Amino acid sequence: MRIYSVHVPPLVSPVDRARVVAEGFSWAAFVLGVLWALWHRQWAAAAVVLVAGMVLAGILGALGAGEATVTIATVAVQAIYGVVANDLRRRRYDRLGWREIGPIAADDADEALYKAAILHRDAAIRRDARGYDQGGRGPAPGAFGHAGGLGA
């Protein structure tokens, strides 16, 4: 069981879908790095991860470090991003004025959304959780409303 937070946009927002963000390390952010950041509209984080990796590889290359050292440094940058990626998502939603509901303990993001809907009786969340409630796969969290979600 994992801990999630559910984020609900303000009622005046044209975006009326809740987002579920898991607590802790994001393997998807670690593996995909910049792509994961872009998928979740973390433009600054994507730029930082990309530039940090390039600068670090350039500096290590100029210092004559071997490929193994450059690879380890790149993996370290990705690991740091994996640690902070979900926190950056939460901060972004907070900056946008989204209301946070949580923490919610659930087996997956869909169950967390369903529990948030049941516990808080919020109409916006219930609308998103309807698919899960009917036994189908409910809408997934994510910036583009995609099915599935990456490491949420």
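Trainee: Which element gives the largest share of the nonpolar patch, and how many residues is that?
Mentor: The largest share comes from α1, which supplies three residues of the nonpolar patch. Please keep in mind, as we go on, that we are looking at a predicted model.

Trainee: Okay, and which residues form that patch on the surface?
Mentor: The nonpolar patch is formed by W27, V31, L32, L35, L38 and W43, and together these residues have about 680 Å² of accessible area. Helices α1 and α2, the latter covering residues 34-39, each supply at least two residues of the patch.

Trainee: Let me pick W27 then: where is its place, and is W27 buried or exposed?
Mentor: W27 has its place in helix α1, and with a relative accessible area of 60% W27 is exposed.

Trainee: How much of the protein chain do buried residues make up?
Mentor: Of the 152 residues in the protein chain, 38% are buried. As for the surface, the protein chain exposes about 8200 Å², and 64% of that is supplied by carbon and sulfur atoms.

Trainee: And the inside? Which residues of the largest nonpolar core touch the most other members?
Mentor: That core has 13 residues, and those touching the most other members are Y4, V6, V20, I101, I104 and A112. At least two residues of this core come from each of β1 (2-8), β2 (19-22), β3 (99-106) and α5 (109-120). Helix α5 gives the most to this core, namely four residues. As background, nonpolar side chains in soluble globular proteins tend to be buried together.

Trainee: What is A112 in contact with, leaving aside its neighbours within four places in sequence?
Mentor: With those neighbours left aside, A112 is in contact with Y4, V6, V20, I104 and A106. There is also a second, separate core of 10 residues, and A45, A46, V77 and A85 are among them.

Trainee: New topic: how many salt bridges does a search of the whole structure find?
Mentor: Such a search finds three salt bridges. In one of them R90 pairs with E23, and their closest N and O atoms are 3.6 Å apart. R90 belongs to helix α4 (residues 67-95), whereas E23 sits in the loop between β2 and α1 (27-32), so this pair ties together parts that are 67 residues apart in sequence.

Trainee: Are R90 and E23 buried, exposed or partly exposed?
Mentor: R90 counts as buried, because its relative accessibility of 10% is under the 20% cut-off. E23, with a relative accessible area of 31%, is partly exposed.

Trainee: Which side chain does D87 meet in a salt bridge?
Mentor: D87 meets R90, with 2.8 Å from N to O. Both residues lie in helix α4, three residues apart, which is about one turn of the helix. D87 is partly exposed, with a relative accessible area of 38%. Taken together, E23, D87 and R90 are linked in a network of salt bridges.

Trainee: One more: where does N86 lie, and is N86 buried or exposed?
Mentor: N86 lies in helix α4, and N86 is buried, with a relative accessible area of 0%.

Trainee: What lies 3.1 Å from a polar atom of the N86 side chain?
Mentor: At that distance from a polar atom of the N86 side chain you find the backbone oxygen of A22.

Trainee: Last one: among contacts with a separation of 6 or more, what share do residues 24 or more positions apart account for?
Mentor: In the protein chain, residues 24 or more positions apart account for 65% of the contacts with a separation of 6 or more.

Note on methods. Residues numbered from 1 in each chain as written. Predicted model: local features only at pLDDT ≥ 70, side-chain atom pairs only at ≥ 80, totals over all residues. Heavy atoms only, no water. Core = buried A, V, L, I, M, F, W, Y, C linked by side-chain atoms within 4.5 Å. Buried < 20%, exposed > 50% of the residue type's maximum accessible area, 1.4 Å probe, protein only. Contact = heavy atoms within 4.5 Å. Salt bridge = Lys/Arg side-chain N within 4 Å of Asp/Glu carboxyl O. Patch = residues over 30% accessible without salt bridge, like charges linked within 9 Å, V, L, I, M, F, W, Y side chains within 5 Å. Areas by Shrake-Rupley, 256 points an atom, 1.4 Å probe, with all protein chains shown as cover. Polar contact = N/O pair within 3.5 Å; in protein donor to acceptor, adjacent residues only side chain to side chain.
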